[in-house]
Amino acid sequence: MKTALIIRHVPREGVAGFRAPIEAAGYVINRVDVIDHDFHALDLVSPDLVVMMGGPMGVYEREAHPWITCQLKLLARRLAADRPTLGVCFGSQMIAAALGADVYAGPVKEIGFAPVMIHDREGPLRHLAEVPVLHWHGDTFTLPAGAELLASSPLYPHQAFRKGRNVLALQFHAEMGEDERFEDWIAQDMDYLSAAGKCPGELRASHAAHGPGAVAAGRAMIAEWLAGLAA
């Protein structure tokens, strides 16, 4: 059986809507939390698929979160081996950093449901064309050398990229829209929302209106990406 390892940086940000297409593609899912005592000894090259989810920390906050340096070293080995890897939000920023790009605080916090501009209308991201998806970030990154830009938004030009067929990085959250942990996002990020000028009621209404469509499109995207992985 193929194995998929989900790396979770905080409990509220799991694989969510992406679980279904990953399992449908024949992967047995395992999960590791970065606070697990043996995380430093993790073999990140051997899993058939690694999925790194989001988190409120920044890649540059390495003193506050020592596991970031460890994870980047493990991730760099996996990427050098061209093993299938998916990163979402903070996970995408980790991929960018491991590929030598700069990750830094952006000019504004991008929060809420909005579509992204798709640059590759032939690839898996075409399923997201004109579909509002969830944004929840304030950091961004330069495009890694050799990477292909796949999507942009008016606020952040680097919303998604791929490196070859096996590495996909998504700044936005196409996995979120039907997960009850969305309430935890709101409850634990109230200061963050206030700084962005967002209110919980507005986000809940957008989640109800756009969430199911976003997850359906996100699942179609991931299913197609998995089907096209290099052998």
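User: What are the ground rules for the values and numbering?
Analyst: In this predicted model, local features need pLDDT of at least 70 and side-chain atom pairs count only at pLDDT 80 or more, while totals for chains, interfaces and linings use all residues. Residues are numbered from 1 along each chain as its sequence is written, and side-chain values use heavy atoms, with hydrogens and water left out.

User: Why is helix 3 called mostly covered?
Analyst: Buried means under 20% relative accessible area, exposed over 50%, partly exposed in between (1.4 Å probe, protein chains only). In helix 3 (residues 90–98), eight of the nine residues are buried, among them F90, M94 and I95. A helix here is a DSSP run of H or I with at least four residues, a strand a run of E with at least two, numbered from the N terminus.

User: What makes a set of residues a nonpolar core?
Analyst: Its members are buried Ala, Val, Leu, Ile, Met, Phe, Trp, Tyr and Cys residues joined through side-chain atoms within 4.5 Å. The largest has 44 residues, of which F18, I22, L125 and F172 touch the most other members. Helix 6 (residues 200–227) gives the most to this core, with seven residues. A second, separate core of 29 residues includes I7 and M57.
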